[in-house]
Amino acid sequence: MTLLYSDVEEDLRSAVRQVLVERSPWTAVLARAGGDEPYDRALWQALAADVGCAGLAVPEKLGGAGASWREAAVVAEEVGRAAAPVPHLGAAMATAALLATVDDGWADDDLLAAVAAGETTAVLVLGLATPPSVAVPTSVRAANGALTGVVTGVADALAADVLAVPTNDGLWAVDAGDARLTPLTTLDLTRRLCDVAFEGAPARPLAGPAAAAHAWRAALRVGAALLAAEQLGIASWCLDATVTHLNTRHQFGRPVGSFQALKHRLAELWVAIAQARAVARYAAGCVADEDPDTAIAVAVAQAHCSPVAVRAAEECVQMHGGIGFTWEHPAHLYLKRAKSAAIALGTADQHRAALATLVDLPG
Amino acid sequence: MMDADELRDRVHRFLADHDVAGDRLAFLRARFDAGLAWVAFPEGLGGLGAPRVLQSVVDDAFAAADAPDNEPLRIGIGLGMVAPTIVRHGTQAQRERFLRPLWTGEEVWCQLFSEPGAGSDLAALATRAARDGDDWVVTGQKVWTSMAHEARWGILIARTDPGVPKHRGITYFVCDMTAAGVDVRPLRQITGEAEFNEVFLTDVRLPDELRIGDVGDGWRVARTTLMNERVAIGGGAAPRESGMIGVVAATWRDRPDLRTPGQHDALLRLWVAAEAARLAAQRLREQLAAGQPGEEGSAAKFAYARLNQEISGFELELLAADGLLYDDWTMRRPTIVDWQDRSPGYRYLRAKGNSIEGGTSEILANIIAERVLGLPPEARADVAAPWKELPR
């Protein structure tokens, strides 16, 4: 397995970055942040359907691009770099769950094809703070083809057409219009949460109980790997923006970036980000190849990348000085996204606890 | 272009003609002459002009045949730093004189760079080389010289013009370690042993043929040496839990009686840090193999210095009462660093050198900040002034 990027991946990165730079500069992200439309549906349409990001990991015979989660991770890096208000993570986790149902002999081919084409956005319904290696939650119950219950703190559901809902009894598809979504006021302005309530919502079965449990685990692994890539993108933007600022800002008659106190902190950050790139690439490669080392790889990636992204964003705010503390500068968008991402899908501590079991270092 | 199959084929043909159980030195000399020593070097100098990444193909093929090797750990300075410098900056006569016995290990090399007054600021060095007819007369003191007590030759940088700014008045020489006036003394270190030496040079006469590069161009030549030093220190493929983390992980598994919640958390943090450093080093090797050079070697050395120090410090506290003990303070002259078979206290102390030797972590941070990130250099007063006017 290579930890480098292929030429195809670099082309994909360029295409995604071009769309994000043109259609979602930080000024547009900031303008949307306070509004009633937290997700940029047109932007997501451009990425998912026009660039083809939604179907990267879906095999061609199921309507996808026949690439892999490795390429999807490159998209996640760029989404993180732009702090883009698109449901990439939630959609990818739903796609991972749907693909797992195919492996188990269940499959809604039409839904998967529509998702892969970017025509339908399916989002997995789980609390964003769900820690690794937990069982399918029991807060939603299925009875007679209808769901009842509440899942709190769900990411990306506000941008969904279809909700993929894991329960004890199976995996279900519910039209977003048949659920009650209550938006929450969130720390992260670019990935908004809502509570999802089902009150006898009509549901189509996507998988039985065993396959649903399998799909749940697959989605958590893919989510952790892609989130690590997104954190890498967040950290890279923060470092680049800080270096640019320190090269231009002058105090005491010299560029602020010539002070060793700042240079050394950024050098250390660069080392940590170089490591983040390696562990994120390894995690993406493992989920792409369904490598036996996947569980360890994604736990390492989350345990390393979560604090690196937070540190990068915190250094970005601090080294920008006063301007970094203002609403009119983008640093806070990244700080909020980084800190929330560090809690999303398990904190670094929870992933280390998972590793204790996985690598036989019991407490 | 030479490919892996062609190289394997050449090794097999060589092995058909040369007995691996025969005379070791004769075997190594013949391997050099066949261009199978360092395959990236030019033909006639132990190489075939092949891509550098194919070296492992050749080494693996010889190792698989149980062929004798040149004890690379013993002659690491020569292989890693001297040879690339001589190939790049030496005359043809110098290449032909020095490279073959260097590679076979017949002649050991050492590095006469650091001085008591010139560590991180190496270019401030004060060892003086004055021209006298066809010779240079060298006087000064070098320090941290590993293998000086076994070396036949040393690479030496000395000041030939004190009247110009410090980077411009330096010339690069090969020092004959058997010459009159070369005095090598062991330098005992905090672990109790002496890997390194102090070298006192008193009116040492070196013929001008031993000069590498132009007079006054020694700093540029030395940069080739130093760049290769960091590549050498950061390299090496490694499986998971190799290195110090494997030692403490094994202790953790074997000794449930030592475990505390705080140490469990610390261990898991170190384990993740070690895995991140390992994967980053793996990615770096892939980048180098793909011809994407960079300063990432500095990053790998920087990361491993801290990691080794943190893990070895953790190990002593984990061991509690046993961490109070030390294996042996006897003054010895080791040629390789044997951290695996020594006690935890040795590992803790030896790792303190990791952030000093081969460029301090602070200097590496400067290099990363300036050459990778493109941040502006420190304000400096010492670049334009003549060396002799600098405060010391």
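Predicted model: local features only at pLDDT ≥ 70, side-chain atom pairs only at ≥ 80, totals over all residues.
User: Which residues of α3 (41-51) in chain A are buried?

Analyst: A:L43, A:W44, A:A46, A:L47 and A:A48 are.

User: Ok, on to the interface. How many residues of chain A are in contact with chain B?

Analyst: 34 residues of chain A, and they meet 37 residues of chain B.

User: Which elements of chain A supply that side?

Analyst: α7 (209-248), β10 (254-255), α8 (260-289), α9 (294-319) and α11 (348-358) of chain A each give at least two residues to the side touching chain B. The largest share is from α8(A), with 14 residues.

User: And what's the makeup of chain A's side by class?

Analyst: The side of chain A that touches chain B has 19 nonpolar, 9 polar and 6 charged residues.

User: I've been looking at B:L373. Where is it placed, and is it buried or exposed?

Analyst: B:L373 lies in the segment after α11 (361-372) of chain B. It counts as buried because it has 20 C-beta neighbours inside 10 Å, and the cut-off for buried is 20 or more.

User: What is B:L373 in contact with, beyond its neighbours within four places in sequence?

Analyst: A:V243, A:L266 and A:W270 from chain A, plus B:I368 from chain B.

User: How far is B:L373 from B:R211?

Analyst: They are 36 Å apart in space, C-alpha to C-alpha, and 162 residues apart in sequence.

User: Back to α8(A). How does it cross α4 (69-82) of chain A?

Analyst: The two axes come within 8 Å and cross at roughly 140°. That makes α4(A) oblique to α8(A), since only angles over 145 degrees would count as roughly antiparallel.

User: Which residues make the contact?

Analyst: From α4(A) you have A:W69, A:R70 and A:A73, and from α8(A) there are A:A280, A:A284, A:G285, A:V287 and A:A288. By class, this contact has 6 nonpolar, 1 polar and 1 charged residues.

User: Now the largest nonpolar core. Which members touch the most others?

Analyst: The core has 179 residues, and A:A97, A:A164, A:A225, A:V279 and A:A283 touch the most other members. Its largest share, 23 residues, comes from α7(A).

User: Pick A:A225. What does it touch?

Analyst: Leaving out residues up to four places away in sequence, A:A225 touches A:W69, A:A73, A:A283, A:A284, A:V287, A:V298 and A:A301. A:W69 and A:A73 also turn up in the contact of α4(A) with α8(A).

User: What does the second core include?

Analyst: That one is separate, has 63 residues and includes B:W38, B:V57, B:V82 and B:Y172.

User: Last topic, the sheet. What's the strand order in the open sheet of chain A?

Analyst: The order is β2-β3-β7-β6, 4 strands with antiparallel pairing. Neighbouring strands are turned by 15° against each other on average, direction ignored.

User: Why do β2 and β6 each have one side without a neighbour in the sheet?

Analyst: Because β2 (140-143) and β6 (180-183) of chain A stand at the edges, each with a single partner strand.

User: And how many bridges join β2(A) to β3(A)?

Analyst: The antiparallel pairing of β2(A) with β3 (146-155) of chain A runs over 4 bridges. A:R141 stands opposite A:T148 in β3(A).

Methods
Residues numbered from 1 in each chain as written. Chains lettered and ligands numbered in written order. Contact = placed C-beta atoms within 7 Å. Nonpolar A, V, L, I, M, F, W, Y, C, P; charged D, E, K, R; others polar. Pairing = 2+ DSSP bridges. Axes fitted to C-alpha atoms, helices over the stretch in contact; angles between N-to-C directions. Core = buried A, V, L, I, M, F, W, Y, C linked by C-beta atoms within 7 Å. Buried ≥ 20, exposed ≤ 12 C-beta atoms within 10 Å, placed from the backbone. Parallel < 35°, antiparallel > 145°, perpendicular 65-115°, else oblique.
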